[in-house]
Amino acid sequence: MPTMRRCATSCATVSFFKDDEKLFLVQTPHYFLNPDPLEKNLQTFARMPSENEMFYSILQRGLDKWNASFFCGSAAVLRRSALMTTDGFSGQSITEDCETALSLHCQGWHSVYVDKPLIAGLQPETFVSFIGQRARWCQGMLQILILKRPFLAKGLSIPQRICYAGINMFWLFPLSRLAFMFSPLLYIFFSLEIYKANILEFASYAVTYLISSFAMQSYLYGRVRWPWISELYEYVQAVFLFGSIVSVVRNPRKPTFNVTAKGQTLDKSKLSPLATPYFAIFFLLLAAALYSGYRVLTEPVASELLLIVAMWNLINLGLAGAALGAIAERRELRRNQRLPVKRHALMHIADIIHHVIVQDASSGGVSIEFVDKEPKLDLVNPTTAKVEVRRGGQTISFNVVYRSRRVLDHATICGFAYSERTPETVMAIAELMYSDQSVLQERLERRQTRKNFFWGTSRFALWSLTGSLRAIRYSAGLIHAKVSSSPSRMRRWCSTTTRSSRCLCLSKQPNMPRFSKESSSMAKPFRSTAAGLSLVLVMAQTLPLSAQSLLDAAPSAARTLPGDSESILSTRPLRAEVVAAKVSGLVPFEQALPAYHLSGEDAVIRLSFNLAADQAASGGQLALAYRNAVSVLPDTSVMDVEVNGKPAGTFRIASPNGFKSEALPIGADFLKPGRNQVVLRARQFHRVDCSLEATYELWSELDPSASGFAATRHHGFQSFDDLLTVARSEANVTDIRLILPQAATAEMLNDAAPVLQTLALFLNRDDLAGNRWRKAWHRSGYRSLCLDGQDPGAGAQC
């Protein structure tokens, strides 16, 4: 009996052939791992629906209703016996896929379109290859229109004739698009009235039509096509496809097939070799805009038609500006595109088995995160290993070589390349990247969001402005993107020693203490003393992260604080994206990072947090930010929660795509002053495999930075032990504020160091952030220490 994962493709495609003996095609959508040149150069990939999603999510589904969905060259299953009736694929045109489908539809064969992405491929990386691909599509479709004449073909139904003719005639869009671009110039420069209307007529008819058109487009297709995107894609293609149309009309049999280049790289940012006509059109439209403005200002009686045409030309100028951004190509060094998979696996290194998570995979290698303690890996003499993934109780293994290391979202990610390309490696690539259709589907749905006309117009105007300026700077040679890594990339690739450690680079980091020009003389001793407290904390083995502080000698001259506050202690840099918990002011759990992982079918972890008497009496919420493996079945997998031995609630484990927050209300009868115990029991079931070997793929984990207890109220401290009950601040850190007078001396900071050390060791937290302030400020998550300047060594709680 096939497993769910094994039949993901066969059940979605092959099963249709059993139900219909006249079925020749089951087509699925194309999904691309990399952006096309417009998405890459305008930086819209993964944020905006791709251009092809309009065709595959809307048009192909409509064609399928009339038995007119056609073969798109790949991502499909065809019946061999049907192809034999046409002696294989048709070859009269250079788009043999659509031509073959037309021939078989004419013979009475059927087709089915399944709107589920089951494979992933590559798009052209450069603008030259993109235009080459679209020119081939344009010529091939027009060849079918002229040579096959689908509107007159025998054997087709009336809807099929309309569908095929419409698809073929669509590729005549360069004619209308270029006419729309250049028509305003005829009136601006030569006063030829190609459009005649006054302002009132234009507002009554043209503007009304445009508004209703955009509104209908947004209503029907807004999920897969943002405003103005169709116009941009049509314009950038029309400039060169006009010649393709003329070529086919002159000689329909002349075009020949050319393979589209894929997997190309660019070592630096530069203008496309095809940029010249786009610049010429842009500056022509710009000159028209300036001249139309001159005419409006200088002509005694400027016609209303001139104003209308000038606005028309401004819209075209915006399209031309955005097109310049599309032909200003950004560098691309990656040859093998990655696909996030979040898959558990076993890694064998020197006869030791490690549990790992395959974060992403490509045709060149995998990114690995170690679940348990990370082994020693060598880049000088690259470490070799064997990775095992399992499917249906069967093992698929492949050999890898250690290549790189980076830190991402507080986790160390190790890059491994495939040792060699063997049949087993190819099977492993297919298993990792294409065995779970939901990964591709979720990525599609994440970017298919509606944007209204006003948002889309403003965003498009921004692309037009920034894109045109960037292209002009490229043409002037003002931008030279080198192969060397940027500071942001250097930060991500800093080496660390353990999974819980952080990058300590000399490049700019947003969470490192910063010093203004006024306090620059104090910066050097402050930086050198940061290592002092870090060493103390690591030796005490109470904080899993390194600390930074100001603990060394400095000149005794008084210094004025450059602002209201200055950071002097940070045991955990703020995350770039903190998990958005449903509650604020969390008292964190006491345990260190390894305690937050639940692995297997029935896993239990025990956590604890401290409450003051008034916190326990008020009750509150227990916040649990968690994520789980993709292999965990959400329908039956649950998390049971106990607080101090009492059942506090249960929720489904269903967050494979990132951390999700669950907030459980906890009454006062569950709580007590002091330490409170929490027991989490995860009962996890596998999506696919029921064998014992598959249990290692079952895991859930908590995010300690967004998990803890939020009390309803807290009135303050009664004793030193109540410091353990302090909640995190809005910045998601335990913020300690050291109150100093306006003229703060370095001796005062040094005398405060033992107090800060004691607090760091006593609280045993990895999220401390110390700041010196001029005045006390009592809010959730903030605790202040006062030094009055007379006796700096006497730290008192404010």
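Here is a walk through a few parts of this structure, which is a predicted model.

Let's start with helix H6, which covers residues 96-106. Of its 11 residues, 9 are buried, so the helix is largely enclosed by the rest of the structure. The buried ones are Asp97, Cys98, Glu99, Thr100, Ala101, Leu102, Ser103, Leu104 and His105. What do they pack against? Their partners are strand E1 (23-27), helix H5 (80-84), strand E3 (110-113), helix H7 (127-148) and helix H8 (158-169). After H6 comes Gly108, which has a positive phi near 95 degrees.

Gly108 is a glycine with a positive phi, but other residues can have one too. Take Arg149, which is not a glycine and yet has a positive phi of about 45 degrees. You'll find Arg149 in the loop between H7 and H8, where it is partly exposed at a relative accessible area of 46%. Asp351 is another non-glycine residue with a positive phi, near 65 degrees. Asp351 sits in the loop between E6 and strand E7 (352-361) and is exposed, with a relative accessible area of 83%.

Gln337 belongs to the loop between strand E5 (328-329) and strand E6 (339-349). With a relative accessible area of 11%, Gln337 counts as buried, because the cut-off is under 20%. What does Gln337 touch, apart from its neighbours within four places in sequence? Its contacts are Leu33, Asn34, Leu122, Glu332, Ala361, Ser362 and Met433.

Next come the charged pairs. The structure holds 16 salt bridges. One of them joins Glu53 and Arg447, whose closest N and O atoms are 2.6 Å apart. Glu53 is in helix H4 (residues 52-65) and Arg447 is in helix H15 (residues 437-447), so this pair ties together parts that lie 394 residues apart in sequence. Are these two buried or exposed? Both Glu53 and Arg447 are buried.

Helix H4 also supplies Arg61, which forms a salt bridge with Asp115. Here the closest N and O atoms are 3.8 Å apart. Asp115 lies in the loop between E3 and H7, so the bridge ties together parts 54 residues apart in sequence. Arg61 is partly exposed at 45% relative accessibility, and Asp115 is partly exposed as well, at 31%.

A further salt bridge brings together the side chains of Glu374 and Arg405, at 2.5 Å from N to O. Glu374 is in the loop between strand E8 (365-370) and strand E9 (384-391), while Arg405 is in strand E10 (residues 394-408), 31 residues apart. Both Glu374 and Arg405 are buried. There's also a network of salt bridges linking Arg338, Asp360 and Arg406.

Leu186, Phe189, Phe190, Leu192, Ile194, Leu284, Tyr291 and Tyr294 make a nonpolar patch of about 740 Å². Helix H9 (173-190) and helix H12 (276-298) each supply at least two of its residues. Leu192 comes from the loop between H9 and helix H10 (199-221), and it is partly exposed, with a relative accessible area of 44%.

The last stop is a sheet. Four strands form an open sheet in the order E15-E20-E17-E18, with antiparallel pairing. Which strands are at the edges? Strand E15 (602-611) and strand E18 (646-652) are, since each pairs on one side only. From one strand to the next, the twist averages 20 degrees. E15 and strand E20 (residues 674-683) pair over 10 bridges, and Ile605 stands opposite Leu680 in E20.

Conventions. Residues numbered from 1 in each chain as written. Predicted model: local features only at pLDDT ≥ 70, side-chain atom pairs only at ≥ 80, totals over all residues. Heavy atoms only, no water. Buried < 20%, exposed > 50% of the residue type's maximum accessible area, 1.4 Å probe, protein only. Contact = heavy atoms within 4.5 Å. Pairing = 2+ DSSP bridges. Axes fitted to C-alpha atoms, helices over the stretch in contact; angles between N-to-C directions. Patch = residues over 30% accessible without salt bridge, like charges linked within 9 Å, V, L, I, M, F, W, Y side chains within 5 Å. Areas by Shrake-Rupley, 256 points an atom, 1.4 Å probe, with all protein chains shown as cover. Salt bridge = Lys/Arg side-chain N within 4 Å of Asp/Glu carboxyl O.
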